[in-house]
Amino acid sequence: MERSTTSWLRTLGIQLSLCFALYIVLNLGQPQKLVYNDNGSPFDLYFISVRGGFRSLQEQTHLLKLMGNVAKAYDLKFVVNISELGEDDPLMQNVTRLSPLLNVPWYTTGGSKHDGFGCFLHQVKLPRGRMLDILSLNTASLQVDTVVVGSPSGKRGNLSNWLTRTLKATTSDWRVVVGFHPLVACKENEEEFTAKLINEPLHHIFVKFGVNVYLSQQGCFSYALQDNVAYIGNPGLIKENSRLGYGNGRYRIRTEMTDGFLLHRLGSLEMVTYFVTSAGEIVNKIVVQQRGRQVM
């Protein structure tokens, strides 16, 4: 009984400390309207994904410093930059100068120099012998090489072949695919918006090889769950009047420009994602269980 009580108190203490730390980090002189409890453990891994692109120098400085504070507080392991500009993205070029605290590896979509396809695999060792795969896809080739669905050719076929070959060669516990373009669109009927897959062949590969999450810039949905694959959109640099919502019919209109980043906590059984605005506010939380079984 005494051992059970001690374990419970230790778990409660970890949860409270994580929640308090997130509040302190994000509440640096700015309003914090909503804070979610974080049921993390010391064995969890934290990383950030951010929407790249052009911002004013003031906006870049503010965003990178906020990310740097989060990096210091959570022992951040790396940053994923979702951009069409690849390694020429302004955030990547200015991070060392504008935010010394954000001294972690950066991986970017779009125009990567890793190989001729603009794709790469990065494997991250997790505690207790587990492994995370980060696979970056050059989704620009999907936009210019139009073919009949189910009959990939040219650049699209090369992309599918690379993804299949790479996933076959790994046996990691978590698999996160990153691309600039969303793979889920909105299908509108009389009463609601529902999610519609844009690229069925890629989705079938995700399902076959147990991909947990696809991260991209945000389209009309911030999240959709399809066949146990979670599609999560990064809302950074959202244009005015975008529809934001979930792939279950609920949506709302956002009329202001929103900037920020996604903070991801990866554990043995779940990945928790928070959207943190440039104002330091946590406005969304998504939970993906192992192999994408369940999302919020």
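Contact here means heavy atoms within 4.5 Å.

**View 1. The whole chain, before we zoom in.** This is a predicted model, where local features need pLDDT of at least 70, side-chain atom pairs count only at pLDDT 80 or more, and totals for chains, interfaces and linings use all residues. Residues are numbered from 1 along each chain as its sequence is written, and side-chain values use heavy atoms, with hydrogens and water left out. Among contacts between residues at least 6 apart in sequence, 64% join residues at least 24 apart. The chain has six helices and 16 strands; helices (H or I, at least four residues) and strands (E, at least two) are DSSP runs, numbered from the N terminus. Of the 296 residues, 53% are buried (buried means under 20% relative accessible area, exposed over 50%, partly exposed in between, with a 1.4 Å probe and protein chains only). The accessible surface comes to about 14,400 Å², and carbon and sulfur atoms own 51% of it (areas come from the Shrake-Rupley method with a 1.4 Å probe; for residues, only the protein chains shown count as cover).

**View 2. Helix α2 meets helix α3.** Helix α2 (residues 57-74) packs against helix α3 (residues 90-98) at an angle of about 65°, and their axes are 10 Å apart. That makes α2 roughly perpendicular to α3 (65 to 115 degrees counts as roughly perpendicular, under 35 as roughly parallel, over 145 as roughly antiparallel and the rest as oblique). Axes are lines fitted to C-alpha atoms, for helices over the stretch in contact, and angles run from 0 to 180 degrees between N-to-C directions. On the α2 side, look for L57, Q60, T61, L63, L64 and K65; they meet P90, L91, N94, V95, R97 and L98 of α3. By class, that contact has seven nonpolar, three polar and two charged residues.

**View 3. V79, tucked into strand β2.** V79 sits in strand β2 (residues 78-82) and counts as buried, at 0% relative accessibility. Setting aside neighbours within four places in sequence, V79 is in contact with I48, V50, M67, L102, V104, P105, W106 and Y107.

View 4. V178 and L215 are 37 residues apart in sequence, yet 4.7 Å apart in space, C-alpha to C-alpha. Not counting residues up to four places away in sequence, V178 also touches others, including V80, I82, T109 and I134.

**View 5. Y231 in strand β11.** Y231 lies in β11 and is buried, with a relative accessible area of 5%. Beyond four places in sequence, the residues that Y231 touches include L183, L197, H203, F206 and Y214. The C-alpha atoms of Y231 and S216 are separated by 8.0 Å, and these residues are 15 apart along the chain.

**View 6. Two loop residues with a positive phi.** Most residues other than glycine have a negative phi. R128 is not a glycine, but its phi is positive, about 65°. Find R128 in the loop between β4 (120-125) and β5 (131-137), where R128 is exposed at 63% relative accessibility. D227 isn't a glycine either, and has a positive phi of about 55°. The loop between β10 (223-226) and β11 (229-234) holds D227, which counts as exposed at 53% relative accessibility.

Note on methods: Nonpolar A, V, L, I, M, F, W, Y, C, P; charged D, E, K, R; others polar.
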